[in-house]
Amino acid sequence: MLQRLRESKSAQGTLLALPTTVWLFVLLIIPLILTLIVSFGKRSPDGDVIYTFTLDNYIRLSGYSTDCPDGQTACFDPLYVGILGRSMSLAFNTTFFVITLAYPLAYFIARAHPKQRNMYLFMVLIPLWTNFVIRVYAWMMLLRKEGAINIIIGWVMNLLNIPFTPLEMLYTPGAVLVGMVYEFLPFMILPIYTSLEKIDNSLYEAAADLGANAVKTFLRVTLPLSMPGVVAGTILVFIPVMGTFIVSDILGGRQVILVGNLIQRQFLDARDPTFGSAASLILMVLTLIVTYFYTRKFGFGEEIVAA
Amino acid sequence: MISEFAVEMRDVVKRFITPEGNEMAAVDHVTMKIKNGEFFSMLGSSGCGKTTSLRMIAGFEWPTEGEVFIEGKPMGHTPPFQRKVNTVFQSYALFQHMTIYQNVAFGLEMEGAKEEEIKKRVGRALDMVQLTGMDRRKPKQLSGGQQQRVALARALVKTPDVLLLDEPLGALDLKLRKEMQLELKALQQQLGITFIYVTHDQEEALTMSDRIAVMSKGKVQQMGSPVEVYERPANKFVADFIGESNFLEGKIRTISKDEATVFIPGLNAELTGMPVSDGLVKGEEVYVSIRPEKVRITEKNAINQNIFHAKVTNTVYIGADTHIYVEAHGVKLKVLEQNRISRLDPKSFYSVGQEVWLMLMPENTLLLKKD
Ligand SMILES: Nc1ncnc2c1ncn2[C@@H]1O[C@H](COP(=O)(O)OP(=O)(O)OP(=O)(O)O)[C@@H](O)[C@H]1O
Ligand SMILES: [Mg+2]
């Protein structure tokens with residue numbers, strides 16, 4: 001037996017892959033199958049799952065409705081499609097702003113003196129030690145009508161003798177976007193920093209030697225070589241943003257409902273796990289599609305992983 | 001051209017602050033004048049300031065004191081991209097995200113050359129370094145020697161007045177290195193560009209250079225042609241660093257305009273007719289320096305001047321030559337004999353314990369100051 005194992009490469013491969021396979025199966029495949037089964041079920045009046053096979057939940061998500069005004073038999077209810085669309089556009093916007101903010105920061109840290117570099121990285125990481133929810137609450141304190149931002153603007157306006165009514169910032173899509181960008185910034189800074197830091201100084205010198213000024217060096221050398229970091233960061237940010245519900249819950253209130261909130265409420269408030277499961281799977285499929293096309297164009301940022 | 005000299009370093013000092021907070025001079029009052037079209041080498045052991053000197057010429061570092069001139073113009077703080085010199089980096093510094101073609105074309109694009117011209121010149125540069133047909137590959141898909149050629153082509157395509165090379169062959173194996181040495185030298189002669197070449201390999205410097213600056217601890221110890229630095233080393237450091245040398249401690253007994261007599265306490269004997277150099281005085285302590293291949297070794301005493309009785313302590317056969325280690329009154333010397341005759345037991349010619357005579361011909365010795 002052992003003799004055979006020693007000789008057979010494929011048997012060795014199977015054996016080595018076994019722990020991962022078991023792990024994947026228990027933690028990913030089985031829950032996924034359960035979710036799929038539940039999503040085809042029906043909710044009983046007291047909130048239990050009746051296991052049948054019906055596509056009702058998916059039909060409801062697609063916006064097909066029989067509960068129509070004016071006595072129509074069927075009509076389009078944009079509620080859920082709207083939520084999905086809003087989640088998606090928020091995820092795109094968040095990723096975009098996070099890249100825009102994270103790149104210069106990562107660049108600054110990577111080009112800083114090695115002694116200061118660690119301190120800056122430390123500062124990027126410190127917020128992650130505080131609970132996620134508490135950090136979002138902090139933003140609530142800042143954005144409230146009586147919050148710090150309004151107080152400061154009010155104070156400046158007062159000095160300038162301009163009349164000022166406090167801004168309504170909380171419970172707006174903008175507030176959710178700000179919260180998201182803040183929450184996910186470190187996950188973009190770190191991979192971009194890693195890829196920038198790996199660029200050997202001699203490459204900058206070679207570019208200068210060959211006649212490139214600072215701008216050209218950045219566009220032709222720095223930026224392309226740091227793309228793996230941007231790609232890795234994008235994956236790290238986009239996927240969780242698609243599913244998150246805490247930020248929108250606290251900073252968006254009832255005004256900004258995302259797929260994450262929808263799913264959470266189906267499980268906790270509405271007690272309809274079947275509809276919640278269907279929504280989860282749709283979210284997963286959407287995220288997969290976007291990630292698939294993105295990674296097909298840009299790769300996985302594998303140079304980061306390999307480093 | 002405006003100046004006879006392609007590059008001139010005038011009394012250049014470069015100081016760095018070490019991590020411990022001390023100031024140290026990596027380059028210490030260096031003056032070099034490098035002629036147009038010359039193959040000039042900076043030779044020295046690790047940390048002697050070769051790279052730092054080269055980087056100051058390229059413009060990556062600025063001198064703390066002194067001035068670098070290129071084509072007679074003081075460079076001051078002129079940035080690298082405005083100097084008509086190009087560098088071949090020790091690590092090659094190729095752009096991994098670009099193809100070979102794009103790497104070589106980069107410098108021309110920065111000049112704003114037209115696409116057609118770029119194509120022509122890149123093609124010519126790749127032909128020159130024998131990389132025809134490799135233009136679509138990425139640097140990672142080439143061998144070390146090929147990457148080295150890309151780095152060379154990328155710098156040469158800009159047709160610089162001066163090409164700076166920092167140990168460009170350091171990462172190659174011995175055989176390839178020897179081939180590339182000859183190729184580089186041929187290329188330099190064909191193009192007529194000034195090469196400033198940094199190396200710690202004395203054989204490489206001797207093979208390729210028109211002139212060599214031997215450096216140590218940030219200072220130039222000697223500057224001269226390969227023959228000059230090998231045959232007439234200016235001091236003990238140079239004699240020791242370039243090739244090998246036997247050093248006998250001695251004291252000048254008598255000295256005239258043309259020759260000196262030196263007493264060697266270790267041998268309890270006098271060497272007569274020694275060639276003299278400037279600044280030596282009677283009574284001065286000196287080293288008598290003689291190369292291993294210039295010591296004559298015989299079994300019989302033929303003459304009676306400058307000849308010593310010695311005993312063979314070891315012989316090492318290394319193919320073309322045999323190294324013979326001898327001892328005379330406790331003074332150890334190394335002698336090198338060519339194996340001119342084919343025989344299966346070359347060591348037997350001089351066997352360990354054999355008594356021999358060593359001749360130190362005056363014209364093959366040098367008197368070097370003790371410092
Ligand atoms: N940026 C720097 N900061 C501090 N010290 C430096 C710096 N660059 C070089 N040095 C020091 O200056 C000295 C000369 O360095 P340099 O790189 O010129 O040596 P080198 O002759 O090229 O040696 P090698 O053959 O090892 O490349 C070394 O002692 C080095 O530690
Ligand atoms: Mg060096």
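Me: How far from an oxygen atom of ligand 1 does a backbone N or O atom of Gly47(B) lie?
Reply: This is a predicted model: local features need pLDDT of at least 70, side-chain atom pairs count only at pLDDT 80 or more, and totals for chains, interfaces and linings use all residues. Residues are numbered from 1 along each chain as its sequence is written, chains are lettered from A and ligands numbered from 1 in the order in which they are written, and side-chain values use heavy atoms, without hydrogens and water. For the backbone atom of Gly47(B), the distance to the ligand oxygen is 2.8 Å.

Me: Which residue has a side-chain N or O atom 2.5 Å from an oxygen atom of ligand 1?
Reply: The shell around ligand 1 includes Ser46(B), Lys50(B) and Glu167(B); a residue is in it if one of its heavy atoms lies within 4 Å of the ligand. The side chain with an N or O atom at 2.5 Å belongs to Ser46(B).

Me: Which element gives the most residues to the shell around ligand 1?
Reply: Strand E2 (23–35) and helix H1 (50–58) of chain B each supply at least two residues. Helices (H or I, at least four residues) and strands (E, at least two) are DSSP runs, numbered from the N terminus. With 3 residues, the top supplier is H1(B).

Me: How far apart are the end C-alpha atoms of helix H5 of chain B?
Reply: The expected span is 1.5 Å times one less than the number of residues. H5(B) has 18 residues, so it should span 26 Å; the model agrees, with its end C-alpha atoms apart by 25 Å.

Me: Which residue's side chain makes a polar contact with the side chain of Ser248(A)?
Reply: Ser248(A) is in helix H11 (residues 246–252) of chain A. It counts as buried because its relative accessibility is 0%. A polar contact is a pair of N or O atoms within 3.5 Å; within protein, one must be able to donate a hydrogen and the other to accept it, and residues adjacent in sequence count only if both atoms are side-chain atoms. At 2.7 Å, the partner is Asn261(A).

Terms used. Buried < 20%, exposed > 50% of the residue type's maximum accessible area, 1.4 Å probe, protein only.
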